Amino acid sequence: ALFCQNVCDRGGAILTGPGGGRYVYDLRRRLDLFLKLVPVSTGYGLPQASPLRPDALGNLDFILIRENLGGIYQGRSEESLDPDGHRTVRHSFETSEASLHRFLGAGARLARDRRGLLTVVVKQGGTPVLAELWRACATEAAEAAGVDCSFVDVDLMAYDLIRRPQDFDVIAAPNLAGDVLSDLTAVLLGSRGLSFSGNFSPQGAAVYQTNHGAAHDIAGRDMANPIGQILSLAILLRESLELEREARAVEDAVRAVWATGLRTADIGSPGDRVVGTREIAARIAEAAAIELGELSPAA
């Protein structure tokens, strides 16, 4: 975390890999990474690899943002024994109006620069006081930005993400709900191995990552899909370094390699050639170098 802090203090950005325990949660707290942004687009996915009907996944283009610094993940736990000697865990967390204004204000401004639609995830019946705070802050943010705002309970949101994903523009969710829903969006892309994100602070610190776990069970076996990590690099190049040409070259390289029929096992279909982590990553790097004129196609 100290290394990441030093990099960000010098104006850099972090492309992070797998980390165990509370690494990502503590890093977000340390760097004030209050917002996680998850792009969900047909252009970054492989709909034919999804268990859903590919024809239902066309023209996807929405962003899920997750509030990183509140909710149950950033709470405090205390363990005690009841009179019978059984363990009891009390877990508490806080959600402040100031933090929601910051997060939802950013979401509303993002929606303003897109299609003007902000959807806020709540659970009205289950946590009515908390939901009302989210509603009040979101309504104020939406009015200030001049965008439309709607509210959806988290369980219905999970259903609607599968049933009508094209209807959404910017979805703003609390920490735990955003974590679950971002994994669900990976079904729309074709695999968890394709999903990626960026975490941002108001001061410009940024950490980019995949949306899946470390997959320690397949470590060193040349099986993991590296494309989520590669697309995390592309968004770092675009958002933090303003290297649009290089970012586009990485994204185009992924699509070019897919066009040859190469796949990792998690997205392979009959007729595809399934290869390992190293080969598909090397092919993508080569295609990006050709795109940027650093390597000739015949090399």
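Eight strands form an open sheet of mixed pairing, in the order 1-10-9-2-3-8-6-7, where strands are DSSP E runs of at least two residues and helices are H or I runs of at least four, numbered from the N terminus, and where two strands pair if DSSP finds at least two bridges between them. Strand 1 and strand 7 (148-153) are the edge strands, each pairing on one side only. The model is predicted, with local features requiring pLDDT of at least 70 and side-chain atom pairs counted only at pLDDT 80 or more, whereas totals for chains, interfaces and linings use all residues. Residues are numbered from 1 along each chain as its sequence is written, and side-chain values use heavy atoms, leaving out hydrogens and water.

Strand 10 (residues 206-210) has five of its five residues buried, so it is largely enclosed by the rest of the structure; buried here means under 20% relative accessible area, with exposed over 50% and partly exposed in between, for a 1.4 Å probe and protein chains only. In a regular strand the side chains alternate between the two faces of the sheet. Both faces of strand 10 are covered, with Ala-206, Tyr-208 and Thr-210 buried on one side and Val-207 and Gln-209 buried on the other.

| Partner strand | Sense | Bridges |
|---|---|---|
| Strand 1 (residues 14-15) | parallel | two bridges |
| Strand 9 (residues 196-200) | antiparallel | five bridges |

Val-207 of strand 10 is the bridge partner of Ile-14 and also stands opposite Asn-199, while Thr-210 of strand 10 stands opposite Phe-196. Strand 9 and strand 10 form a hairpin with five residues between them, and Gly-204 in this turn has a positive phi of about 105°.

Turning to the helices, the axes of helix 5 (residues 154-163) and helix 6 (residues 175-189) come within 10 Å and cross at roughly 15°, the axes being lines fitted to C-alpha atoms, for helices over the stretch in contact, with angles from 0 to 180 degrees between N-to-C directions. Helix 5 is therefore roughly parallel to helix 6, a term applied to angles under 35 degrees. The contact, meaning heavy atoms within 4.5 Å, is made by Val-154, Met-157, Ala-158, Leu-161 and Ile-162 of helix 5 together with Ala-177, Leu-181, Leu-184, Thr-185 and Leu-188 of helix 6.

Note on methods: Parallel < 35°, antiparallel > 145°, perpendicular 65-115°, else oblique.
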